Amino acid sequence: MESKGVMIVTGSARGIGAATALRAGQAGYHVVVNYVTKREAAERVVEAIMSEGGKANAVQADIGSEDEVLALFEAADRFGQLTALVNNAGIVDQAARVDAMDWARLERMMRINVIGTVACSREAVKRMSTRKGGKGGAIVNVSSAAAKLGAPALYVDYAASKGAIDTFTVGLAREVADEGIRVTAVRPGIIETEIHASGGQPERVAQMASQLPMKRAGTADEVARAILWLASDEASYSTGAILDVSGGRSILP
Ligand code: NAP
C-alpha cells in the first residue's frame with residue numbers, strides 16, 4: 001500500500017474519530033489513534049487497522065492540555081512525516097440553559113473544543129508549512145450543525161465552540177493557503193455515537209430520527225468518508241470549505 005504519511009486523528013478510540021482512523025488506515029496513512037481515557041478501545045482500533053495491513057499507534061493525550069498536545073505531536077514525529085490532522089476530539093455537557101452554566105463548564109468546553117483544536121493545528125502547521133521547510137498537508141476540523149442551529153436550551157456553549165471552529169477553519173485556511181496546507185471542516189448533524197449519552201441524552205438519536213429530513217441519524221462512517229475526502233488530494237482545490245454532513249438538518253433558508 002502506498003504510504004500517505006502520518007495522520008493524527010484526535011479522539012479516535014470511538015465514534016466518528018474511530019471510523020475516521022479505520023478509513024485512514026485503509027487509505028494508506030500511518031494513523032495516530034489519540035485517546036484520553038479509553039486505552040483498550042484505542043488499541044482495538046489500532047489492531048483493526050493493522051489486521052487490514054495498515055499502520056497505526058495509539059497515543060494518549062488530553063488535547064485540553066498544552067503539554068500533552070506537544071507530547072502527542074512529538075510521538076507522531078517518530079512515525080514519519082505528518083501529512084494530515086483531523087481535529088475530531090470534542091465534548092458536550094449536560095443539557096442546560098446558559099443562565100445555569102457555571103464557569104468551570106464553560107472553561108472546559110472552550111479549552112477542549114476550541115483551544116485544543118487551535119493548539120493541535122498550530123503544531124501541525126509548524127510541521128507542514130512549506131515556509132518552514134515542510135511538505136504541506138491537510139487539516140480537517142470536526143465542527144457541528146449546532147454551529148448553525150445554536151442548540152438552545154441544550155448546549156449553546158457547545159454550539160458556540162463549534163462556531164469558533166468554523167471561523168478558525170476559514171481564517172487558518174486563508175493564512176496558510178500558499179504554504180501547501182489546506183484547512184477544511186465537516187459539520188455533522190445527528191450521528192449515532194456515544195456523545196449523546198455523555199451529555200445525559202442516550203435517547204437523543206432515537207428521539208430525533210423521525211424529525212430529521214432523511215428520517216434517520218447518520219453513521220460515524222458517513223462522516224469519516226467526508227473527512228477522508230477532504231484530507232485527500234481529490235479535494236486539492238478545496239480550502240476554507242465547511243461541508244455539512246447532516247442529512248439536510250443544517251440547511252437554513
Ligand atoms: P464520542 O463518541 O463521545 O467520542 C469523543 C472522542 O473524543 C472520544 O474518543 C474521546 O476520547 C475524545 N476526547 C474527548 N475529550 C478529549 C480530550 N480532552 N482529549 C483527547 N480526546 C478527547 O463523540 P463523537 O460523536 O464521535 O464526536 C466526535 C466529534 O464530532 C466531536 O468533535 C463532536 O463535537 C462532533 N460531532 C458529533 C456529532 C454527533 O451527533 N455524534 C454531531 C456533530 C458534531 P476517549 O474515548 O479516550 O474518552
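Which residue has a polar backbone atom 2.7 Å from an oxygen atom of the ligand? I looked, and the residue is Asn88.

**Entry 1: ground rules.** I am working with a predicted model, where local features need pLDDT of at least 70, side-chain atom pairs count only at pLDDT 80 or more, and totals for chains, interfaces and linings use all residues. Residues are numbered from 1 along each chain as its sequence is written, and side-chain values use heavy atoms, leaving out hydrogens and water.

**Entry 2: the ligand.** Thr37 places a polar side-chain atom 2.6 Å from a ligand oxygen. For Val36, I found a polar backbone atom 2.8 Å from an oxygen of the ligand. On its own the ligand has 890 Å² of accessible area, and the protein covers 95% of that; the areas come from the Shrake-Rupley method with a 1.4 Å probe.

I then listed the neighbours, meaning residues with a heavy atom within 4 Å. There are 31 residues around the ligand, and the closest are Arg14, Thr37, Asn88, Tyr158 and Thr193. H1, strand S2 (30–35), helix H6 (156–175) and helix H7 (195–198) each give two or more residues to this shell.

**Entry 3: salt bridges.** Side chains of opposite charge can pair when their charged atoms come close. I counted a pair when a side-chain nitrogen of Lys or Arg was within 4 Å of a carboxyl oxygen of Asp or Glu. That rule gives 19 salt bridges.

One of them joins Asp221 and Arg23, at 2.8 Å from N to O. Asp221 is in helix H9 (residues 220–231) and Arg23 in helix H1 (residues 15–27), so this pair ties together parts 198 residues apart in sequence.

Another pair is Asp77 with Arg127, also listed at 2.8 Å, N to O. Here helix H3 (residues 66–77) holds Asp77 and helix H4 (residues 103–128) holds Arg127, so parts 50 residues apart in sequence are tied together.

**Entry 4: buried or exposed?** I used relative accessible area: buried is under 20%, exposed is over 50%, and partly exposed is in between (1.4 Å probe, protein chains only). Asp221 is partly exposed at 24%, and so is Arg23 at 30%. Arg97 and Asp99 form a salt bridge at 2.7 Å; Arg97 is exposed at 54%, and Asp99 is exposed at 61%.

Notes:
Helix = DSSP H or I, 4+ residues; strand = E, 2+ residues; numbered from the N terminus. Polar contact = N/O pair within 3.5 Å; in protein donor to acceptor, adjacent residues only side chain to side chain.
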